[in-house]
Amino acid sequence: MTSYFIRRLLLIIPTFIGVTILVFTLTRLVPGGPIERMLSEAALAGADETATTSYDSQGGSTLSDAQLEDLKAYYGFDKPVVVSYFEWLGKVLVLDLGRSTRYSDPVWNTITDRLPVSIFYGVWALILTYGVCIPLGIYKAIRHKTAFDNLTSALVFAGYAIPNYVVALLLLTIFSANLEWFPLGGFVSDDFDELSGFEKIGDVSIHAVLPLIAYTLGGFAFYTILMKNSLMDNLAAEYVRTAVAKGMDFRRAIFGHAFRNSLIPIATGFGNNISLILTGSFLIETIFNIDGIGLLGFESLVERDYPVVMGILVVSSILFLIGNILSDICVALVDPRVKFGSGDAGQ
Amino acid sequence: MPILEIDQLSIAFDTEGDVVTVVDRVSFDLEAGETLGVVGESGCGKSVTALSIMGLLPKPAGRIQGGDVRFKGESLPSLAPERMRDIRGNRIAMIFQEPMTALNPVHRVGRQLAETYTLHQGELSADVVHRRCLGLLEQVGIPAPEQRLSEYPHQLSGGMRQRVMIAMALASKPDILIADEPTTALDVTIQAQILELLRDLQRETGMAIIFITHDLGVIAELCSRVVVMYAGRMAEQAGIEPLFAHPVHPYTRGLLASIPRLEDTPKTLLTTIPGVVPSIEELPSGCRFANRCPYVKDLCSREAPELVSASPGHRVACHRWREAEAGTLENWGS
Ligand SMILES: Nc1ncnc2c1ncn2[C@@H]1O[C@H](COP(=O)(O)OP(=O)(O)O)[C@@H](O)[C@H]1O
Ligand code: SF4
Ligand SMILES: [Mg+2]
């Protein structure tokens with residue numbers, strides 16, 4: 001059992017190298033990189049101008065020469081690819097992701113400033129999703145084809161069909177603007193620092209309700225139906241019949257036998273969810289004015305703050321990696337066939 | 001009094017807007033301590049009959065349409081669910097065809113074994129239960145039982161898993177064990193071992209066994225009496241010797257003719273019953289075997305033959321049973 005986890009953890013190394021090679025390849029496309037240089041040379045030759053800024057055809061902020069030099073130095077464009085990859089990897093490993101061109105702060109700090117907010121929403125979104133979908137899926141499986149089952153199916157599919165930013169706007173219009181039950185956005189109120197401990201919790205919570213609904217509603221359909229179908233498959237499985245044949249009542253057969261087996265597909269998707277939710281949705285963050293990673297990434301892209309964009313890419317790739325390992329561990333926890341290997345049965 | 005009476009049992013399934021009767025007025029008794037074989041081609045209703053005894057018909061599609069199942073004189077279908085749970089797995093136990101899927105893949109063998117005790121003998125201490133589980137595994141011939149208890153089903157072979165299933169069924173010393181094709185999924189040598197195990201266990205414990213199979217050859221090794229089913233009905237019922245020596249129903253004769261025998265000339269073609277079983281949706285109103293029967297006559301397709309007593313302990317459902325008994329029907333396949 002432990003050997004499985006050790007083997008799984010060792011797999012991180014090659015995966016990490018693969019991911020970083022991919023990200024590094026992308027850095028070759030950022031301004032100051034070979035492509036940009038080619039384009040600007042072409043523009044120079046055509047227009048015969050003395051350009052002091054990088055090639056830029058769509059407006060927006062441009063990079064100064066000094067900033068371009070910074071980028072070049074950080075990514076090592078003047079060195080052979082292999083050398084610059086390892087140099088860059090060395091920097092990433094000590095969390096040096098370069099400097100933001102907008103704030104001229106280290107990218108790592110810019111990202112970690114926003115991370116708590118994103119983690120807060122990510123974790124609660126996960127809890128909410130599993131907390132709603134697992135019980136709902138179980139209940140729907142037991143009540144298959146009843147009015148309750150049909151009605152909730154219609155509801156979760158409606159939630160799935162409406163884009164999450166539309167949900168966000170609707171919630172904001174109805175519950176914040178018209179009914180004024182919830183604040184109009186933000187992570188906390190302006191007077192947050194003056195509040196007492198309990199008031200702070202209340203303040204964060206009331207700000208979180210609508211964004212969380214907007215975040216999670218779309219995913220309810222998938223996980224609820226996954227849970228329902230998975231449980232129904234297992235309820236029809238022969239081992240459940242064996243349990244009932246032993247004299248077990250159906251309820252105990254569900255929770256004592258079918259339930260754990262039906263969690264296996266749910267556990268498989270767990271890690272994927274973590275990384276997706278942590279990187280958030282810039283649309284929802286924009287609508288609710290939440291300073292999370294999603295919004296940061298979006299703004300950086302618009303403002304051509306490439307170091308931050310690439311930094312977010314690195315961080316989310318690593319989160320993805322961690323998420324996958326968590327998935328595997330979750331699956332291994334529910335399914336012993338993973339830990340102990342199958343097909344080693346002797347006669 | 002027989003320990004189990006199946007009395008005119010009919011079983012129906014709801015299929016898309018239709019109700020199909022898959023078992024039609026089947027009747028047989030099981031005496032305490034005997035081994036009764038139930039044989040018939042796949043799809044003839046053996047499993048469904050067994051499941052209905054246990055009250056395990058798939059819900060909500062399947063149900064008992066008529067007749068009764070009595071255990072020690074008590075009607076099982078009309079029992080309250082809690083009372084039925086006391087009998088299920090306790091007085092009547094069942095093992096299934098597919099040992100690979102019959103055990104829960106995420107629970108250890110020991111836990112699944114112990115469950116029978118916690119369900120029916122909750123007063124036993126964990127220690128006693130553990131010792132009994134060990135004893136059970138030894139009884140069914142599993143080597144290194146202590147180690148097996150802490151293993152998961154996928155770590156065991158098919159034969160071992162079926163032994164675990166048998167151990168589980170034996171846990172509460174049932175009066176009846178229903179074995180639904182317990183060896184069909186296993187290879188031949190393992191099959192022989194399991195049959196021998198069942199025979200030994202039956203001698204030791206004195207439980208009655210209903211042994212279901214599609215293979216008449218297996219029946220001969222184990223059973224004292226046989227029920228032959230065809231397309232949801234009983235064709236014949238007899239003691240093992242009379243059945244093999246003087247089969248009356250044409251279907252039974254066909255089955256016997258298709259068992260390979262030592263005295264057969266090697267490498268000759270086996271006799272098989274020509275044709276196929278009519279599908280459950282288009283069963284004929286007369287004898288269901290008519291389309292494959294070499295002895296068919298006009299009456300057969302008009303009128304379904306009733307199950308009649310040909311001699312004491314020997315019942316048959318065929319219009320021409322008298323001729324068969326008298327030996328005036330030509331041999332099968334000639
Ligand atoms: N869940 C079900 N729904 C509908 N029909 C079923 C179901 N289970 C069994 N049947 C039908 O009942 C008949 C008898 O099946 P079964 O008892 O499994 O046969 P066997 O003799 O091979 O064990 C078959 O025709 C089968 O199609
Ligand atoms: S009743 Fe007729 S068709 Fe049916 S088995 Fe007897 S002889 Fe054959
Ligand atoms: Mg069957």
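Predicted model: local features only at pLDDT ≥ 70, side-chain atom pairs only at ≥ 80, totals over all residues.
**View 1. E7(B) pairs with strands E6 and E8 of chain B.** Strand E6 (residues 92-95) of chain B runs parallel to E7(B) and is joined to it by four bridges, and within this pairing B:Ile92 has B:Ile176 as its bridge partner. With strand E8 (residues 208-213) of chain B, E7(B) again pairs in the parallel sense, here over five bridges, and B:Ile178 stands opposite B:Ile210 of E8(B). Between E7(B) and E8(B) the chain passes through helix H8 (residues 188-205) of chain B, forming a β-α-β crossover that is right-handed.

**View 2. Two assigned domains of chain B meet through a set of contacts.** The domain assignment divides chain B into domain 1 (4-223) and domain 2 (252-334), whose C-alpha centres lie 30 Å apart. Six residues of domain 1 of chain B are in contact with six residues of domain 2 of chain B. On the domain 1 side, the elements that contribute two or more residues are strand E2 (18-30) and helix H9 (216-222) of chain B, and by class this side has three nonpolar, two polar and one charged residues.

View 3. The residues around ligand 2 include the cysteines B:Cys287, B:Cys293, B:Cys300 and B:Cys318, together with B:His319 and B:Arg320. Also listed around ligand 2 are B:Pro250, B:Phe289, B:Ala290, B:Tyr295, B:Val296 and B:Pro305. Sorted by class, this shell has ten nonpolar, one polar and one charged residues.

**View 4. Chain B touches chain A.** In this interface 27 residues of chain B are in contact with 24 residues of chain A. Helix H2 (81-87), helix H3 (99-102), helix H4 (109-120) and helix H7 (158-170) of chain B are the elements that give two or more residues to the chain B side, and H4(B) gives the most, with four residues. The chain B side divides into twelve nonpolar, ten polar and five charged residues.

Note on methods:
Residues numbered from 1 in each chain as written. Chains lettered and ligands numbered in written order. Contact = placed C-beta atoms within 7 Å. Nonpolar A, V, L, I, M, F, W, Y, C, P; charged D, E, K, R; others polar. Near = placed C-beta within 6 Å. Domains from an automatic or database assignment. Pairing = 2+ DSSP bridges. Right-handed = clockwise from strand over helix to strand, strands pointing away.
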